[in-house]
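Open the model in your viewer and keep the selection tool at hand. The stops below are meant to be taken in order.

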Amino acid sequence: MEVKIPLKLKDFQVVSDNTTKEEVKSNLKAMLDFIYKEEKAVFESSNKFFNICTYIRNNKKQQANSMGRYMGLNTSVEYPYQNYNINEIFRSVTIDKCYGYIQSANIFRILNDYESRDYKEIKKIYKERYITKAPKDQVIKAHIHRFFEKGQVVASRPNGAREFNTSQADMYFCTKPEIKDGNIFITIKLSKGEITLKFRIPESQRFTEGFKKYSRPNIVIENEQLVFIFTVFKEVEEKEYKNLLGVDIGKVESFVATSVYVDEKKYSAPFYATKDVNVLTKRIDGLFKEIKRIDNKIAINERCNHPEKVEILKVDRQRKRNKISKLKDKRAELQARAVVKIADRTKSAIVIEELNWSDKSGKWERSIIQEKTKNLAKANGVEVFEINPKDTSKKCWKCDKKISYNSKTRQIKCKRCETKVDRDVLASRNIVKKKNKEIFKSALKQRDDKAAQIRGLYAGSLYDKGNLEVKPVENPSNVVKMKALHRSVSSFNKS
């Protein structure tokens, strides 16, 4: 199967003699800033914005072409190669966003008229009603969720951003990448003419073995740094695994995974996040506490009329927020690697909850972890299934009776079959059960799986190695013994 792997590269060399690396960076940053300011002006002006939308909506022929050629913006014809104009790049990017807005508005109109949850039916109505190209199934599903679950009934206008996907303009601005001796070469058109850039490909099998091609990069500014994001198209052999690994992504526990062995009719002891993930979680929690203290100081200084101190505190708060974003991204990558490694070791396909929605503050963190897990699993040939997350932690995995849990200890005890289990472990088993109910019709037993990590001290409870029942901590000496056991196990694993 073909998979897409993102490749972020910051460092590059300038092969051309007519300019320097700093001049290239300055040119590209100026271009991205120009796009951002012009986009903002267009999106804030109702006349300009809706004029573009009306033109795109009424010109069926234009929609069949690439985004950079709307409204007669074929730069290869109107503007010679040596006189490429940055305004045309801005227009191609802006029109692409306006086109996305039109698709979104059309889907919401259909949902307001029919209130259907069937994405196939919505797509059929879309093709019959509008001349614009029908959106992909994933886009329609996302809008159905926004409409029914989040109460969003109209499309929101796009925002300006310091980013530019070079594939949206024609290839006279940026040529297709050439791969030579482990390097990527692209030629872009800037104020000084043709500039050839050289990027070093990381020495990893993900990017060097089995790749079919590299896409033209998406140029963005992240933390005031210029970043080139390439997409690697790679052919990966899909692994046919019978076993299933249920993964529950949570707030208290980064993730809990349980593997169900189909042929043996057994389930594994639970797998948990590695020590590195838990360390990052503590650092993130500590930064949130520091931000809360800074907010209190800001409120005090505002009351006392100290604007200079308020500005200093706001800068410090923003710095900590940026650090939290980086740590969250790093934690998500570590979690994704751990899950895929467990799946590969237990020869299991991954089953996860469908968490690809957004909250008020942006994309939900757990959905980002899920997305990274899916991408990494596909890149390694591991199949991923998604299930509905409803009641995965509220039903007994043995008798399907609805149960409640203790919020402090997170322990669950079923009144019907007297099953005792942790809430997150229960969810990981129910996730597998939703994917394949046939396995759970027969009584399953726990496999003596030494590969599973031993549970430590979390939420005031300890796990016994051979049993999943929760045992409360009565004696502090037990904690010391468990920590010693952890140290011995970790040293054994390293050896």
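The model is predicted: local features need pLDDT of at least 70, side-chain atom pairs count only at pLDDT 80 or more, and totals for chains, interfaces and linings use all residues. Residues are numbered from 1 along each chain as its sequence is written, and side-chain values use heavy atoms, with hydrogens and water left out.

Select strand E8, residues 218-222. Strands (E, at least two residues) and helices (H or I, at least four) are DSSP runs, numbered from the N terminus. Four of the five residues of E8 are buried, so the strand is largely enclosed by the rest of the structure. Buried means under 20% relative accessible area (1.4 Å probe, protein chains only).

Isoleucine 219 has phenylalanine 228 in E9 as its bridge partner. In the turn of this hairpin, asparagine 223 has a positive phi of about 55°.

Now select leucine 28. Beyond its neighbours within four places in sequence, leucine 28 is in contact (heavy atoms within 4.5 Å) with Ile188, Leu190, Ile219, Leu226 and Phe228.

Finish at glycine 381, in the loop between helix H11 (365-379) and strand E17 (384-387). Glycine 381 is buried, at 0% relative accessible area. Its C-alpha atom is separated by 5.7 Å from that of glutamate 237, 144 residues apart along the chain.

Methods
Buried means under 20% relative accessible area, exposed over 50%, partly exposed in between (1.4 Å probe, protein chains only). Two strands pair if DSSP finds at least two bridges between them.
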